[in-house]
Amino acid sequence: MGKKRKLKKAMAKREVGDGPVLVVCGGKKCAPREQTRAVIDEARAYAASSVVGVEVVKCLHICEKGPIAATYPKIRFHKRVGPAEADVLVDKLVARARAV
Ligand code: FES
């Protein structure tokens, strides 16, 4: 099963629907825990007042060059995501949600 199908399956289990979501890998193979935590905290704080949700999954099956994040429902994987990049991804998801 491909990465995108695995992510779609994980999101279906979480019942996030079709709402825009930034999915962050919480695994420890792709990046140190502190880096991942910083991305998750920043994304959650930045997305709090928007329609974008932030979900943390165990692994996005890339496992290198992390932290790894993905946009959902239009799935795009992003490597080496820092807190600033997480904000940019949230902004993109907000813009995409407005365009629909
Ligand atoms: S542990 Fe992060 S992508 Fe697998």
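Which residue takes a positive phi just after H1? Just after H1, the residue with a positive phi, of about 55°, is Glu 15.

1. Basis of the note. This is a predicted model, in which local features need pLDDT of at least 70 and side-chain atom pairs count only at pLDDT 80 or more, while totals for chains, interfaces and linings use all residues. Residues are numbered from 1 along each chain as its sequence is written. Helices (H or I, at least four residues) and strands (E, at least two) are DSSP runs, numbered from the N terminus.

2. Helix H1 and Glu 15. H1 has twelve residues and reaches 17 Å from its first C-alpha to its last, close to the 16 Å expected at 1.5 Å a residue, where the expected span is 1.5 Å times one less than the number of residues. Glu 15 is found in the loop between H1 and E1, and its phi near 55° is a positive value in a residue other than glycine. Most residues other than glycine have a negative phi, and most peptide bonds are trans. Because Glu 15 has 6 C-beta neighbours inside 10 Å, it counts as exposed; the scheme calls a residue buried if 20 or more other C-beta atoms lie within 10 Å of its own, exposed if 12 or fewer, and partly exposed in between, with C-beta atoms placed from the backbone.

3. The largest nonpolar core. A nonpolar core is here a set of buried Ala, Val, Leu, Ile, Met, Phe, Trp, Tyr and Cys residues joined through C-beta atoms within 7 Å. The largest one holds 26 residues, and those that touch the most other members are Leu 22, Val 23, Val 24, Ala 43, Ala 69, Ala 86 and Val 90. The elements that give two or more residues to this core are helix H1 (3–14), strand E1 (21–25), helix H2 (33–47), strand E3 (69–72) and helix H3 (83–99). Leaving out residues up to four places away in sequence, Val 24 touches Thr 36, Val 39, Ile 40, Ala 43, Val 54, Val 56, Pro 67 and Ala 69, a contact being a pair of C-beta atoms, placed from the backbone, that lie within 7 Å.

4. Helix H2. The 15 residues of H2 should span 21 Å at 1.5 Å a residue, and its end C-alpha atoms are 21 Å apart, which agrees. Its buried residues are Thr 36, Val 39, Ile 40, Glu 42, Ala 43, Tyr 46 and Ala 47, and what covers them includes E1, strand E2 (53–57), E3 and H3.

5. The packing of H2 with H3. The two helices pack at an angle of about 35°, with their axes 8 Å apart; axes are lines fitted to C-alpha atoms, for helices over the stretch in contact, and angles run from 0 to 180 degrees between N-to-C directions. On the H2 side, Ala 38, Val 39, Glu 42, Ala 43, Tyr 46 and Ala 47 meet Pro 83, Ala 86, Asp 87 and Val 90 in H3. The residues of this contact divide into eight nonpolar, no polar and two charged, where Ala, Val, Leu, Ile, Met, Phe, Trp, Tyr, Cys and Pro count as nonpolar, Asp, Glu, Lys and Arg as charged, and the others, Gly among them, as polar.

6. Cis peptide bonds. A cis peptide bond joins Gly 66 and Pro 67, with omega of about 0°, and Pro 67 is found in the loop between E2 and E3. The bond from Tyr 72 to Pro 73 is also cis, with omega near 15°, and Pro 73 lies in the loop between E3 and E4.

7. Arg 80. In the loop between E4 and H3 lies Arg 80, whose phi near 50° is a positive value in a residue other than glycine. Arg 80 counts as partly exposed because it has 14 C-beta neighbours inside 10 Å.

8. Phe 77. This residue has its place in strand E4 (residues 76–78), and with 17 C-beta neighbours inside 10 Å it counts as partly exposed. Leaving aside neighbours within four places in sequence, Phe 77 is in contact with Lys 3, Leu 60, Ile 62, Ile 68 and Ala 70.

9. Cys 59. The place of Cys 59 is in the loop between E2 and E3, and Cys 59 touches Cys 25 and Gly 27, not counting residues up to four places away in sequence. Cys 59 and Gly 26, 33 residues apart in sequence, are 6.4 Å apart in space, C-alpha to C-alpha.

Notes. Contact = placed C-beta atoms within 7 Å.
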